[in-house]
Amino acid sequence: MKITTTVNGQIHENDVEPRMLLVHYLREALRLTGTHIGCETSLCGACTVLLNGVSIKSCTLLAVQADGADITTIEGLAENGTLDPTQEGFWEEHGLQCGFCTPGMIIASYQLLQRNTSPTDDDIRHALEGNLCRCTGYQHIVNAVQYAARKMRQAAGTS
Amino acid sequence: MIPSAFEYLRPTSLAEATRLLASNPDDAKILSGGHSLIPMMKLRLANPSVVIDIGRLGELRGIREEDGTIVLGANTTHYDAESSALLQQRCPLMAETAAAIGDVQVRNAGTIGGSIAHADPAADWPAAVLALDAQITLVNNSGSRTVGATDFFLELLTTAMESDEILTEIRVPANPVRTGSAYLKVAQPASGFALTGVAAQVTLGSDNTVEQVAVAVTGVDNTAFRASATENALRGQAATEAAIEQAANLATEGAESTDDIHASAEYRLHLTRVYTKRALLQAVQRAQA
């Protein structure tokens with residue numbers, strides 16, 4: 001089936017099998033391998049991307065469901081080489097070790113900050129329940145998201 | 001894992017969807033948010049030869065009030081439900097249950113219609129709709145019918161739906177005054193599914209007696225069920241902690257559970273009695289507020 005997607009601002013036209021998962025489409029058809037496959041059972045969130053502005057697990061969607069959609073992967077977050085505040089936060093606050101969960105974790109954090117500009121630590125932990133990390137113990141991830149939240153509030157003049 | 005191959009159809013109207021389903025009644029599956037179906041297809045536990053995607057039918061998505069009844073379209077996402085001011089005010093049990101499902105990403109994509117039609121034994125929605133005895137609208141190529149939630153969940157992953165029917169709407173009553181509710185669950189930490197999930201709603205009389213009470217449990221037996229023994233014990237009683245505790249101890253009467261990798265049957269049943277008490281206490285507190 002022919003599908004058209006806009007991924008990180010670029011339009012793509014591809015012919016895909018209906019059974020192709022969105023995560024395989026992104027990684028294999030579009031060679032955007034920043035989105036990871038961690039669990040195969042919709043638990044770990046390493047495959048999280050934004051679809052029409054909303055965070056979803058790309059391993060649990062068919063590529064054909066994304067026909068016509070606007071998708072942002074981790075590769076599309078930085079603008080003109082400038083890191084998104086979420087990415088900067090993960091860097092500054094050491095929110096990663098092996099980095100496997102990180103793309104999904106950052107996209108999920110981005111979604112949280114779109115919906116809540118002043119999350120508490122509990123809000124952050126709750127919002128990241130769909131993203132599992134085996135390395136960090138999550139504390140530095142929480143710190144990273146708070147860093148990003150502060151930076152975004154400062155930029156908006158609402159700090 | 002990769003699903004088996006299938007033909008993918010995307011109808012542009014409900015009428016077209018029911019026609020397509022009518023011509024493939026035995027081997028077609030309806031796709032809404034896909035967050036029950038696609039995990040099953042990835043494990044090859046479901047291998048439909050035809051998938052009919054109704055996820056973009058906007059007419060099936062949304063929440064509205066009609067004469068004291070709240071109507072949820074089947075394509076309403078769990079996030080739509082948890083963030084709906086209308087639901088939070090007029091039927092908070094539904095909003096609270098939605099907020100407890102899975103995680104943010106799952107709630108962004110999964111839908112109430114899909115969840116209920118699939119009837120996973122540990123899904124959260126069945127508990128809430130059972131407690132409220134929701135009216136569920138089913139449509140096929142010849143017409144439509146309504147089934148009450150208490151007649152809907154039959155057996156493991158088996159509902160009253162015929163293979164040619166599409167679930168289109170769920171109707172629940174708006175809360176009467178002096179009504180409080182709670183949905184509490186013990187979530188399996190990775191999947192978010194309920195080891196036990198208890199939906200409780202209580203309406204108090206002006207003298208603080210329990211006029212109406214509904215308790216429904218998920219995660220424990222092979223379908224969600226009403227804890228009728230608890231309800232019968234509490235109805236008409238003063239809403240005291242002692243009465244609630246006594247009634248909650250009856251929550252698992254008639255229920256059967258099995259051991260699995262997450263919990264033993266005995267533990268699930270024990271958790272259910274504890275969480276029934278907590279949910280009822282919270283419901284009563286909220287009714288009194």
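How many helices and strands does chain B have? In this predicted model, chain B has 11 helices and 14 strands. Its radius of gyration is 19 Å, close to the 19 Å that the globule rule gives for 289 residues, so chain B is as compact as a globular protein of that length. Along the principal axes, the C-alpha trace of chain B spans about 60 × 45 × 30 Å.

Next, the inside of the chain. Of the 289 residues in chain B, 53% are buried. Contacts can also be sorted by distance along the sequence. Take the contacts in chain B with a separation of 6 or more: 64% of them join residues 24 or more positions apart.

Now look for the core. The largest nonpolar core has 138 residues. Which residues have the most contacts inside it? They are B:Ala131 and B:Ala216. Helix α11 of chain B, residues 265-288, gives the largest share of this core, with eight residues.

B:Ala216 is then in contact with B:Ala127, B:Leu130 and B:Ala131, among others. B:Ala199 is also one of its partners.

Turn to a sheet. Three strands of chain B form an open sheet in the order β1-β3-β2, with parallel pairing. Which strands are at the edges? They are β1 (7-9) and β2 (28-31) of chain B, and each pairs on one side only. From one strand to the next, the twist averages 25°.

Follow β2(B) to its partner. Strand β3 of chain B covers residues 50-53, and four bridges join it to β2(B). The two strands run parallel. For a landmark, find B:Lys29, which stands opposite B:Val51 in β3(B).

Last comes the interface. Here 25 residues of chain A are in contact with 24 residues of chain B. On the chain A side, the elements that give two or more residues are β4 (54-57) and α3 (102-115). β4(A) gives the most, with four residues. What classes of residue make up this side of chain A? It has 11 nonpolar, nine polar and five charged residues.

Definitions and conventions
Residues are numbered from 1 along each chain as its sequence is written. Chains are lettered from A and ligands numbered from 1 in the order in which they are written. This is a predicted model: local features need pLDDT of at least 70, side-chain atom pairs count only at pLDDT 80 or more; totals for chains, interfaces and linings use all residues. Two residues are in contact if their C-beta atoms, placed from the backbone, lie within 7 Å. Ala, Val, Leu, Ile, Met, Phe, Trp, Tyr, Cys and Pro count as nonpolar, Asp, Glu, Lys and Arg as charged, and the others, Gly among them, as polar. The radius of gyration is taken over C-alpha atoms; the globule rule is 2.2 Å times the number of residues to the power 0.38. A residue is buried if 20 or more other C-beta atoms lie within 10 Å of its own, exposed if 12 or fewer, and partly exposed in between; C-beta atoms are placed from the backbone. Two strands pair if DSSP finds at least two bridges between them. Axes are lines fitted to C-alpha atoms, for helices over the stretch in contact, and angles run from 0 to 180 degrees between N-to-C directions. A nonpolar core is a set of buried Ala, Val, Leu, Ile, Met, Phe, Trp, Tyr and Cys residues joined through C-beta atoms within 7 Å. Lists of a residue's contacts leave out its neighbours within four places in sequence.
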